[in-house]
Amino acid sequence: MPKTQKRNTMISIILTLIAFVLFISISIFEELAEMSMMIMIIGVVLLASSWAVYFLTGKPAPKEEVENVITVIACRSCGQLEERSFAQGDYIFKDMGQCKKCSGSSFIKSIYSVSPKKE
């Protein structure tokens, strides 16, 4: 668990405990009965704050995964296959000119992506 997530979890727990102590103190101490509405509002605000701290700031940001997109170029004459990184404007069956091996006609046979390995 990252250090900031631990800190936010502790803040959330402390705010929740303070709110419950306020709620319980209303029922135990009769002197606080006159201020019970104000104490209840403060307790609800503390609970809402603790949930906001926990749920909004407690989660680490997901890592952005970059996919590697591959273009496969094939020759219609000799079947030579060549792979390269995807370039803007690539599409399947696009004519790619002469084959490097036999000077036949080559085209884009397929395009696929490779997801990065998860750790």
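1. Four strands make up an open sheet, in the order 2-1-4-3, with antiparallel pairing. Strands here are DSSP runs of E with at least two residues, helices are runs of H or I with at least four residues, and both are numbered from the N terminus. Two strands count as paired if DSSP finds at least two bridges between them. Strand 2 (81-85) and strand 3 (95-98) stand at the edges with a single partner strand each, so one side of each has no neighbour in the sheet. From one strand to the next, the twist averages 35 degrees; axes are lines fitted to C-alpha atoms, for helices over the stretch in contact, and angles run from 0 to 180 degrees between N-to-C directions.

2. Basis of the model. This is a predicted model, in which local features need pLDDT of at least 70 and side-chain atom pairs count only at pLDDT 80 or more, while totals for chains, interfaces and linings use all residues. Residues are numbered from 1 along each chain as its sequence is written, and side-chain values use heavy atoms, with hydrogens and water left out.

3. Strand 1 (residues 68-75) and strand 2 run antiparallel and are joined by five bridges. Among the bridge partners in strand 2, Leu81 faces Ala74 and Arg84 is the partner of Thr71. The two strands form a hairpin with five residues between them, and Gly79 in the turn has a positive phi of about 80 degrees.

4. Loop residues with positive phi. Phe93, although not a glycine, has a positive phi of about 75 degrees. Phe93 lies in the loop between strand 2 and strand 3 and counts as exposed at 61% relative accessibility. Buried means under 20% relative accessible area, exposed over 50%, and partly exposed in between (1.4 Å probe, protein chains only). Ser103, another residue other than glycine, has a positive phi near 65 degrees; its place is in the loop between strand 3 and strand 4 (105-114).

5. A nonpolar surface patch. Met10, Ile13, Ile14, Leu17 and Ile18 form a nonpolar patch on the surface, together with about 460 Å² of accessible area. Patch residues have over 30% relative accessible area and no salt bridge; nonpolar side chains (Val, Leu, Ile, Met, Phe, Trp, Tyr) are joined within 5 Å, and like charges within 9 Å. A salt bridge is a side-chain nitrogen of Lys or Arg within 4 Å of a carboxyl oxygen of Asp or Glu. Ile13 lies in helix 1 (residues 3-28) and is partly exposed, with a relative accessible area of 42%.

Terms used: Accessible areas come from the Shrake-Rupley method with a 1.4 Å probe; for residues, only the protein chains shown count as cover.
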